[in-house]
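Thanks, everyone. Have the sequence and the model open side by side. I'll go residue by residue, then to the cores and a pocket.

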Amino acid sequence: MGAWAAGIGFGGFLVLLGVVLAVRLGTLVTLPALGIPGAALTVLCGIYFARVRNRLPRTDRALVNRGPGNLRGALSFVAFVLLVFTGLFAFTAKPSTWQDPGALLTLASVLAFMVCLLVVGIIVPATIASRSRESLRRKAATDPHFRALLEQDLATWRDPYGNAGYGPL
């Protein structure tokens, strides 16, 4: 679910980038060039996100996540990345850059889009991953069909890696 949610956010990011570049460059070429693929990505990922929400998680294989597993870790990582990039720019920029309003607007835009990408790619998936068990339990409590699927899976499920209880819960 986190990957599909990140795809939805990335599609929205592409649309927003197309709009900002169209305004900044004064041409509408970037709007369809980035907006159409962004909208298509958003719709496609939205469809798959809705499908995944109504399906049991696959428990026959282990999934490895190399990113932060919770919101706190994601915020720490994003803050570190922003601090490093902002620090690198501050130490390498020419003094005349701080005087030019156009350059400052461009830098602020780049920083804002970097924040958007980090939110979409790091914070959103980590937040969804950290709340996955609660989300699954809430869905099982409110949806009788989904609960029946869980009970059916529970009857045949065996831990492939040890002797743990039922995997998804």
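Start with F77, which touches P68 and I122, leaving out residues up to four places away in sequence. Contact here means heavy atoms within 4.5 Å. F77 lies in helix α3. Helices (H or I, at least four residues) and strands (E, at least two) are DSSP runs, numbered from the N terminus. Buried or exposed, or in between? F77 counts as partly exposed, at 38% relative accessibility. The cut-offs: buried is under 20% relative accessible area, exposed is over 50%, and partly exposed is in between, with a 1.4 Å probe and protein chains only. From F77 to I123 the C-alpha atoms are 9.1 Å apart, across 46 residues of chain.

Ground rules, quickly. This is a predicted model, where local features need pLDDT of at least 70, side-chain atom pairs count only at pLDDT 80 or more, and totals for chains, interfaces and linings use all residues. Residues are numbered from 1 along each chain as its sequence is written, and side-chain values use heavy atoms, with hydrogens and water left out.

Now the overall picture. The protein has 6 helices and 0 strands. Along the sequence the pattern reads α-α-α-α-α-α. There are 169 residues, and buried ones make up 22% of them. Take the contacts between residues at least 6 apart in sequence: 72% join residues at least 24 apart.

Next, the cores. A nonpolar core is a set of buried Ala, Val, Leu, Ile, Met, Phe, Trp, Tyr and Cys residues joined through side-chain atoms within 4.5 Å. Which residues form the largest one? It has 8: A74, V78, V81, L82, L118, I122, I123 and A126.

T127 is buried, because its relative accessible area is 15%. T127 and A74 are 53 residues apart in sequence, yet 8.0 Å apart in space, C-alpha to C-alpha.

N54 sits in the loop between α2 (30–53) and α3. What does N54 contact, beyond its neighbours within four places in sequence? K139 and F146. N54 is partly exposed, as its relative accessible area is 49%. R147 is in helix α6 (residues 144–156). R147 is also partly exposed, at 45% relative accessible area. R147 and L56 are 91 residues apart in sequence and 9.8 Å apart C-alpha to C-alpha.

Now empty space. Rolling a probe the size of a water molecule over the atoms shows where empty space is left. The set-up is a 1 Å grid over the protein atoms alone; a pocket is an open set of points where a 1.4 Å probe fits, with protein on both sides within 12 Å along at least five of seven lines, and lining residues have an atom within 4 Å of a point. Look at the second largest pocket, which holds about 230 Å³ of space. That volume is the space filled by probe spheres set on the points, with grid points joined across faces, edges and corners.

What lines this pocket? F85, T86, F89, W98, L104, L107, A108, V110, L111 and M114. Helices α3 and α4 each supply at least two of the lining residues. The largest share, 6 residues, comes from α4. By class, the lining has 9 nonpolar, 1 polar and no charged residues. For the classes, Ala, Val, Leu, Ile, Met, Phe, Trp, Tyr, Cys and Pro are nonpolar, Asp, Glu, Lys and Arg are charged, and the others, Gly among them, are polar.

Last item, cysteines. How many disulfides does the structure hold? The count is 0, where a disulfide is a pair of cysteine sulfur atoms within 2.5 Å. C45 counts as buried, at 5% relative accessibility. C116 is partly exposed, at 29%.
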